[in-house]
Structures are given as C-alpha cells and as structure tokens.
Amino acid sequence: MPFQIGRSTESPIDFVVTDTVPGSQSNSDTQSVQSTISRFACRIICERNPPFTARIYAAGFDSSKNIFLGEKAAKWKTSDGQMDGLTTNGVLVMHPRNGFTEDSKPGVWREISVCGNVFSLRETRSAQQRGKMV
C-alpha cells in the first residue's frame, strides 16, 4: 500500500504536511515563511503481509508513476547506471536509540534518497553534494 506525502494539496498527495513555526499563533503567521517541506516529499510503501516491511523513498511520483524531482534537487548516476537523487529540502529520518520505548533517546538523523538509500546529512539541507552513504 503506497502513501504519498508532501506539502502539496494536489490529488496524488495522501497526507499533506506543513511546517510549524515556533511561537506562531495561527496559519496566517506562517504564510510569509518559506516551507522546508517539498511539494512531493516522499512515498512510503507498507506491506500488509509478513514480513510487514515499510520502505521510504524520497521524491514524488507523477500519474505515470515516474519520479518527479525539482530542478534544484541533487541528482547523480549510481555505479550500476541508475539515477538517484535527493529532494530539494531532503527527506530526513531518525531512529531512536533503545527503540520506541519510554527510554528512547534521539538517534542520528539520516537522509533518504529517491532509490531508498540512506545517507548522512548534507552540509545544508539544500546542498547539491550528498552525504556519505550509510
């Protein structure tokens, strides 16, 4: 079961996410701030049968199921000839230390690529140079 996540309110988006601005009292307070969330941020695919895996892929997918990245997004060709890339603002994930328990502590933030590869964070969120593959 695939789910498309992003800030766009267009029909391919299943879950619309927006930035929150510390101290803002209403949506009108956030209108002038540029979003750090990509229009078509990522796709999550969940298996409903064992082993119940969930995979995350950066970028949006158009109606033809082709990957869609903005023109400013970092892109590169992998050693096996596939194209991979990062969304302009990045899709970041963090797995807490000690798992999801009362004793959880923040883990290390990582960035997910279009092909689902995991990288260390870039120098800045919109840098053209990707981090190191983890």
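This is a predicted model: local features need pLDDT of at least 70, side-chain atom pairs count only at pLDDT 80 or more; totals for chains, interfaces and linings use all residues.
## Aromatic pairs in this model

F15 belongs to one of them, with F3 as its partner. The two rings are 5.6 Å apart, centre to centre, and their planes make an angle of 50 degrees, a tilted arrangement. This pair ties together distant parts of the chain: F3 is in strand β1 (residues 2-6) and F15 in strand β2 (residues 15-16), 12 residues apart. F3 is partly exposed too, at 24% relative accessibility.

Now for the other pair, W76 and F119. Their planes stand at 85 degrees with the centres 5.6 Å apart, so this pair is edge-to-face.

Buried or partly exposed: which is W76? W76 is buried, at 13% relative accessibility. F119 is buried as well, with a relative accessible area of 2%. W76 has one more neighbour to look at: R130 lies over the face of its ring, 4.4 Å from the ring centre.

Here are the two pairs side by side.

| Pair | Centre to centre | Angle between planes | Arrangement |
|---|---|---|---|
| F3 and F15 | 5.6 Å | 50 degrees | tilted |
| W76 and F119 | 5.6 Å | 85 degrees | edge-to-face |

Technical notes
Residues are numbered from 1 along each chain as its sequence is written. Side-chain values use heavy atoms; hydrogens and water are left out. Rings of Phe, Tyr and Trp (its six-membered ring) pair if their centres lie within 6.5 Å; planes under 30 degrees apart count as stacked, over 60 as edge-to-face and the rest as tilted. Helices (H or I, at least four residues) and strands (E, at least two) are DSSP runs, numbered from the N terminus. Buried means under 20% relative accessible area, exposed over 50%, partly exposed in between (1.4 Å probe, protein chains only). A charge sits over a ring if NZ of Lys or CZ of Arg is within 6 Å of the ring centre and within 35 degrees of the ring normal.
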